[in-house]
Structures are given as C-alpha cells and as structure tokens.
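Keep the viewer open as you read.

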Amino acid sequence: MVRDIALGQYFPGKSIIHRLDPRVKIALTFVYIVFIFIASNFQSLGIMVALVFGILLFSGVPLKLYFKSLKAILFVVIFTSVLNLFYGGGTTLVRLFGFMEITTGGVINAVFITIRIVSLILFSSVLTFTTSPTELTDALERLMKPLKVLHVKVHEIAMMMTIALRFVPTLLEETDKIMSAQKARGADMESGGFMQRVKALIPILIPLFVSSFRRAYDLAMAMECRCYHGGEGRTKMKVLHAAPRDAAALAFTGFLCAAVVFCAVWFPPALS
Amino acid sequence: MDYIRAQDVTFSYEEMETAKQREVLHGVSLSIRRGEFVALLGHNGSGKSTMAKMFNAMLLPDGGKVFVDGMDTVDESVLYEIRRRVGLVLQNPDNQLVASIVEEDVAFGPENLGVPPAEIRQRVDDALKAVDMYDFRLNAPYKLSGGQKQRIAIAGIIAMQPDCIVLDEPTAMLDPRGRGEVMDTIRRLNREKGITIVLITHYMDEAVQAGRVVVMDNGEILTDGTPREVFAHVELLKQHQLDVPQSTELIYRLKAGGIPLPDCVLTPEECVAALERLLRRPE
C-alpha cells in the first residue's frame with residue numbers, strides 16, 4: 001500500500017537520456033522550470049510541451065510510470081486550475097452565485113497553469129526516472145562544490161541524501177509491518193476523529209524510531225568496516241565527465257530556449 | 001604463519017543502567033592461520049561477536065594484543081589497512097547496504113580506499129561474479145531476497161580485496177534457502193580464492209562445514225579443534241548448553257542406549273551410512 005510511490009524512483013535503462021551527464025540533466029531541469037514560466041503564449045508553450053514529450057519518448061521509460069507520477073499530483077492540478085478559472089479578464093462565460101464569474105481569460109489561465117504544472121512534473125520525473133539516486137546525489141555534490149568555500153559540508157550532505165534514499169523503501173516496508181503488528185494487537189487506526197487518528201499513529205512511530213536508530217547504528221558500523229572516513233581521499237566508480245552528447249543536449253536546449261523567447265516576444269501574450 | 005593473533009585479550013563493556021564495567025572477554029588467546037575456515041561457536045553472551053570486532057579493530061582490547069598480519073590493531077596509522085584486509089559482514093543484510101543500486105553499493109568500499117575508477121569497475125564486476133550476483137548489478141537491493149542481499153554485502157567486502165572475511169551470524173535472519181546460498185558462497189571463496197574465513201554462527205550444521213571449530217563460553221575458549229574433535233565431546237558441549245549437529249546427537253543417544261555405532265558422526269550422510277551398516281549387519 002505505502003509502497004506505491006512512483007515519484008522519485010529510478011528506472012534502469014540505457015537510453016540517451018539515461019546516459020546524459022546527471023549534472024547536465026539537473027541544470028536542464030532548472031532551465032526548463034524557468035522557461036516554462038517565460039513561455040507566455042501558446043506558441044512558446046507549444047515548444048516546451050513538444051520538448052517534454054519528445055524527451056518522454058526518448059527516455060525508454062514506460063509511459064505508465066509517468067501517468068503514475070501525474071496521478072500523485074492530480075489534486076494539486078485540479079485545485080489550481082479550478083481556482084484559476086475565476087481569475088482573469090475577458091468576456092464572461094458563466095456566472096456563479098452572482099459574484100463568481102468564469103471568463104475567457106480565466107479559462108486560458110486554467111489551461112495554461114495545467115499545462116505548466118503537468119510539463120513540470122513530467123520533466124522532473126524524467127530526471128528522477130533516468131538518473132540513479134547515486135548519480136543524482138553525485139551530481140548535486142559536484143554542483144554544490146563551490147559552496148565548500150563557505151564551509152558547507154558538501155560530501156556529508158550528499159552522503160546523507162544517498163542513505164536517506166536508500167532507506168526509504170526499507171522504512172516503508174517496516175512501517176507496513178509495524179502497522180500490521182499493531183492491528184493484530186487490536187490497534188484501531190481507521191475510525192475516530194482527527195485527533196484520535198493522530199494519536200493512533202504513536203504506537204507506530206515509536207517502534208519505527210527505535211528500529212531506525214538501531215539500523216543507523218548498524219549501518220555506521222558497516223560503513224566503518226568498509227573504511228569509510230568522509231570525503232577525504234575518496235574516489236568514485238562512476239566519474240562524471242561530459243560527453244559530446246551533453247554538449248549537444250545543452251546546445252539543443254539553448255536553441256529551444258531562444259525559440260521560446262522569440263515566440264514569447266513575437267506573438268501576442270495569451271495571458272492578460 | 002598466523003594471520004590473526006589474539007593474545008590474552010580482555011574487554012569490558014560499560015553497562016548502561018549501572019555504569020558498571022562488565023568483562024566479556026577474560027584473556028582470550030586465539031591464532032588464525034592464513035587460508036583457514038574457522039567457525040566460532042558459542043551461545044549469546046559468550047563473547048564471540050565481541051571477539052569478531054577485535055579482528056578488524058572495530059573494538060580494541062582493554063588488555064592484551066591483537067595482531068592482524070603482523071600489525072597491531074591499536075596502531076591508528078594502519079587502521080584502514082587492517083579494515084581493508086579483514087572485512088566484517090554483519091547479521092542484518094538490510095542495515096549494511098549503503099547505496100540504492102547493487103553495483104554502487106559494492107563500489108562503496110573501494111571508493112573509500114581511493115582506488116582509481118577503472119579499477120573499481122573491474123573489482124565490482126569480479127566481486128559480483130564471485131558471489132554469483134552479477135546479473136543483479138543494476139537492481140535495487142530492497143527488491144532482493146535476504147540471501148541475495150547478504151551475498152551483496154559479501155561482494156562489498158570482496159571488492160576491497162581482503163585476506164580475511166569475518167561473518168557475524170550472517171545467516172541468522174535468512175530462510176533455509178538463503179542460508180544455503182550464503183554458505184556455498186563462503187565455502188567457495190575459501191576454497192577458490194584462499195580467503196581466510198571466520199564464521200560466527202549458532203547453527204551447528206554450518207560449523208561442521210568449517211575446517212576448524214572454536215567454541216567460546218563465558219568469555220573464554222572452551223575447545224578448539226577440527227569439527228570431528230570438537231563434536232566428539234558431546235557431554236562437554238551439553239554442560240555448557242551448547243548444541244551438537246543433529247546427526248551427532250542422534251548417534252550419540254543411540255550409543256548411550258547401548259547400540260554399537262561409530263564414534264563421531266557429523267553429517268546426515270555419515271549418519272545414514274552408519275545406520276545402514278548397523279541395520280544391514282548379519283545377526
């Protein structure tokens with residue numbers, strides 16, 4: 001039950017997207033996030049949507065998985081787009097309760113925001129599906145390296161992220177087990193008011209914490225046994241080095257960004 | 001030549017509630033030769049796990065000395081050298097895997113040692129093949145069975161190219177099939193790669209597979225010898241609430257009942273053969 005989380009799970013593969021340098025992928029994700037908000041009319045937005053769908057198809061990840069990650073944020077999408085229906089000018093289409101009105105501008109707004117959120121989620125899903133957690137943390141470690149000057153413990157942060165990601169499924173499984181064990185002892189977790197349900201979580205959280213500390217102790221020992229002593233003098237099996245394809249990806253994205261900016265300026269904005 | 005040598009090792013834990021010192025090792029001396037397969041037996045609290053952590057300097061003796069390949073474990077300048085040579089595999093496979101991808105976890109040890117990337121790749125592939133898990137190199141550990149996870153943990157040690165692997169009850173949390181997988185792997189590593197194995201276990205049937213059995217009781221060594229020698233002393237082991245292999249036990253009891261049977265029987269096969277001989281014997 002709790003194990004059904006698609007968001008942030010790696011799907012091993014050999015596609016061109018998989019093989020891109022994770023640093024490039026992270027950078028491109030940021031660029032995408034910025035440009036999806038620069039795209040202010042349907043022409044420029046169209047380029048962004050085409051880009052994300054092109055990447056989806058090239059990623060070699062089953063489309064089903066993308067739908068799964070979209071389902072997780074379905075509520076947010078519906079909520080924001082419905083809210084947006086009532087904002088914006090233009091001619092009034094429907095009038096509700098005398099004071100709320102859906103306008104043409106509102107509809108455009110809603111469509112826009114939906115496309116934006118969906119593209120955003122899809123693009124970041126591509127990042128997490130095609131990049132292993134270790135690659136991801138590696139890349140972040142490298143991208144954050146300049147922060148070392150400010151005495152930020154970059155390696156330690158990356159190690160913490162790696163371990164956290166590694167233990168998510170383990171702890172979820174454990175939570176399931178503890179819940180079943182408490183249910184078998186007669187714990188009631190489904191009924192009662194909000195406060196009662198929160199209270200019902202305590203007998204689950206306490207054993208979970210206790211066992212997490214025990215795991216942490218074991219893991220620390222296992223890491224020491226394997227000669228872990230921080231980032232000093234450490235090497236990596238997978239060295240990140242940019243290949244021609246990374247340069248190509250950057251150039252291609254740069255070109256598309258220019259196109260987006262051009263369209264955004266040339267065509268009239270769709271948003272009021 | 002002795003690879004690991006412990007001399008009169010004493011060690012005390014501080015008890016949490018009372019802050020009193022409790023001595024768990026009372027002057028243990030033990031030598032392990034290169035290439036040996038030693039099973040270390042004893043029930044809970046016998047000091048066997050404490051002893052295991054002495055071998056790779058996870059714990060340091062209060063009194064006495066531990067040498068690994070001639071290096072004193074107290075000497076901090078050789079700490080990582082010792083830990084590289086003597087790998088420790090723990091009981092719970094879930095708690096010793098660091099990365100979310102099998103091959104990246106196996107690479108963790110060599111990465112810490114500062115091995116060049118291309119060589120790490122080679123070592124990881126070799127280590128995964130050695131434990132027969134190469135096909136799973138891109139999997140996530142949580143999707144594997146207990147026995148498979150434990151073999152990954154062993155591969156993570158092998159990738160550091162150790163001389164010796166100490167396994168602290170590696171099969172305690174596994175099902176019979178996983179236990180078999182892990183035992184096969186350990187035996188193969190010992191035989192084919194000449195890696196010294198120290199297996200801590202409370203399964204007597206696993207101890208029988210070792211070349212030498214050391215029994216610890218109450219912080220001291222009770223007996224030390226080949227499985228045949230050690231399990232011949234059924235009374236001694238029973239006095240200390242220790243088991244013997246089931247086959248040994250059966251033959252021992254039959255003999256106690258006056259049935260003529262050979263002296264020390266270790267494996268089910270030997271047991272069957274002995275009984276067959278007895279029953280086929282012309283009156």
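The second largest cavity has about 40 Å³ to its name; a cavity here is a set of points on a 1 Å grid over the protein atoms alone where a 1.4 Å probe fits but cannot get out, with grid points joined across faces, edges and corners and the volume taken as the space filled by probe spheres set on the points. Its lining, meaning residues with an atom within 4 Å of a point, is made of A:Ala222, A:Cys225, A:Arg226, B:Leu88, B:Gln96, B:Ala153 and B:Ile157. Two or more of these residues come from α9 of chain A, and two or more from α6 of chain B. (Helices are DSSP runs of H or I with at least four residues, strands are runs of E with at least two, and both are numbered from the N terminus.) Sorted by class, the lining has 5 nonpolar residues, 1 polar and 1 charged. For that sorting, Ala, Val, Leu, Ile, Met, Phe, Trp, Tyr, Cys and Pro are nonpolar, Asp, Glu, Lys and Arg are charged, and the others, Gly among them, are polar.

Before going further, keep in mind that this is a predicted model, in which local features need pLDDT of at least 70, side-chain atom pairs count only at pLDDT 80 or more, and totals for chains, interfaces and linings use all residues. Residues are numbered from 1 along each chain as its sequence is written, chains are lettered from A and ligands numbered from 1 in the order in which they are written, and side-chain values use heavy atoms, with hydrogens and water left out.

Back to the holes: there are 2 cavities of 30 Å³ or more in the structure. The largest cavity holds about 240 Å³ of space. It is lined by 20 residues, of which A:Thr134, A:Asp138, A:Arg234, A:Lys236 and B:Glu111 are the closest to its centre. α7 (133–143) and α8 of chain A and α4 (108–113) of chain B each give two or more residues to that lining, and α7(A) has the largest share, with 5 residues. By class, this lining comes to 8 nonpolar, 4 polar and 8 charged residues.

Now for the open space. A pocket is an open set of points with protein on both sides within 12 Å along at least five of seven lines, and the largest pocket has a volume of about 1300 Å³. Among its 48 lining residues, A:Asp218, B:Gln91, B:Asn92, B:Asn95 and B:Met173 are the closest to the centre. α9(A) gives the most to this lining, with 8 residues. The lining has 17 charged and 17 polar residues, along with 14 nonpolar ones.

Pick out B:Asn92 from that group. It sits in the loop between β6 (86–89) and α3 (102–106) of chain B. Is B:Asn92 buried or exposed? B:Asn92 counts as buried because its relative accessibility is 16%, and buried means under 20% relative accessible area, with exposed over 50% and partly exposed in between (1.4 Å probe, protein chains only). Beyond its neighbours within four places in sequence, B:Asn92 is in contact (heavy atoms within 4.5 Å) with A:Arg215, A:Asp218 and B:Met173.

How far can you trust chain A? Its mean pLDDT is 83, and 96% of its residues reach 70 or more; pLDDT is the predictor's confidence in each residue, from 0 to 100. Within chain A, confidence is highest in α9(A), at 89, and lowest in strand β1 (residues 92–96), at a mean of 71. Over residues 1–7 of chain A, pLDDT stays under 50.

Finally, the domains, whose bounds come from an automatic or database domain assignment. In chain A, domain 1 covers 16–145 + 240–266 and domain 2 covers 153–225. Their C-alpha centres lie 33 Å apart, and the contact takes 6 residues from domain 1 of chain A and 7 residues from domain 2 of chain A. Chain B is divided into domain 1 (2–243) and domain 2 (245–283), where 10 residues of domain 1 are in contact with 9 residues of domain 2.
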